[in-house]
Amino acid sequence: MKDKVLIVEDELDIAELIKVHLSELDLEAEICGHGDLALKMALNQDFQLVILDVMLPGTNGLDICRELRSAKPLQAIMMLTSRTSETDRVLGLELGADDYLSKPFSVRELQARVRSQLRRVHSLAQSRSQEQNQESAVTCIGDLMVDHRCHLVTYQNEAIELTSTEFDLLSFLGKHPDQVFSRAQLLDSVWGYHHSGYEHTVNSHINRLRTKIEKESSHPEMIVTVWGVGYKLEQSALHL
């Protein structure tokens, strides 16, 4: 069965162009140009990926992202933004988008981003299927517990709700405690690509993780910034 992608874009020429390029990846794509209808479709149907423009008639893309992320925490979402609109890019990521693509974009970049998101979707589905047959699929680092089977994270016995990308990022850092990773390394290891100029993707997800697991996100003790290098998960802080 082909993977399904919902293209939410009110400029028909752009939407049709995206659909053509997705068909080259053997994907089934549907187009919706109105925000209200797109939200209903995304909530009521199963799409492996939603490609979401910001400016739409009806409900805008940022509000769709927020509502969809709340209702479907594991839904893969890619935002389309103007190359000059840094605010939209940052807001989209903070509201739960897994990635963003700036317009205008190249065909190769679009296809690479889509393939990367779908690899993550399938990897997560496969891992969950395999782990359902295992007696234990839990990783513990100090007071941080990651249950891969249930896609659950708890810290000091309190459940923390994460998106699929936040979960992957925390899992990756948790597998390498105290090891420092640059933004480029995290893009490559967690998102599956490296593209100059997209470090905001890493920054925003790190910031969201901090708001969910740190006592004071402005003074993080677990996910620590190593200035001039990158980020690491501070193992000693997980025992505090």
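This report walks through a few strands and salt bridges of a predicted model.

Residues are numbered from 1 along each chain as its sequence is written, and side-chain values use heavy atoms, with hydrogens and water left out. Because the model is predicted, local features need pLDDT of at least 70 and side-chain atom pairs count only at pLDDT 80 or more, while totals for chains, interfaces and linings use all residues.

Let's start with strand β4, residues 77-82. Helices (H or I, at least four residues) and strands (E, at least two) are DSSP runs, numbered from the N terminus. Of the 6 residues in β4, 5 are buried; buried means under 20% relative accessible area, exposed means over 50%, and partly exposed lies in between (1.4 Å probe, protein chains only).

Strand β3 (residues 49-53) runs parallel to β4, joined to it by 4 bridges. Two strands pair if DSSP finds at least two bridges between them. In this pairing, aspartate 53 stands opposite leucine 80 in β4. The chain gets from β3 to β4 through helix α3 (residues 61-71), in a right-handed β-α-β crossover. Right-handed here says that, with the strands pointing away from the viewer, the path from the first strand over the helix to the second runs clockwise.

Strand β5 (residues 99-103) is also parallel to β4, with 5 bridges joining them. Here methionine 78 stands opposite aspartate 99 in β5.

**Salt bridges**

How many salt bridges does the structure hold? There are 12, each being a side-chain nitrogen of Lys or Arg within 4 Å of a carboxyl oxygen of Asp or Glu.

Aspartate 99 and arginine 113 are both buried. This pair links strand β5 with helix α5 (residues 107-131), and its partners are 14 residues apart.

Glutamate 166 sits in helix α6 (residues 164-175), while arginine 208, 42 residues away, belongs to helix α8 (residues 199-213). Lysine 212 is in helix α8 as well, 46 residues from glutamate 166. Is lysine 212 buried or partly exposed? Lysine 212 has 32% relative accessibility, so it counts as partly exposed. Glutamate 166, by contrast, counts as buried because its relative accessibility is 0%, and arginine 208 is buried at 8%.
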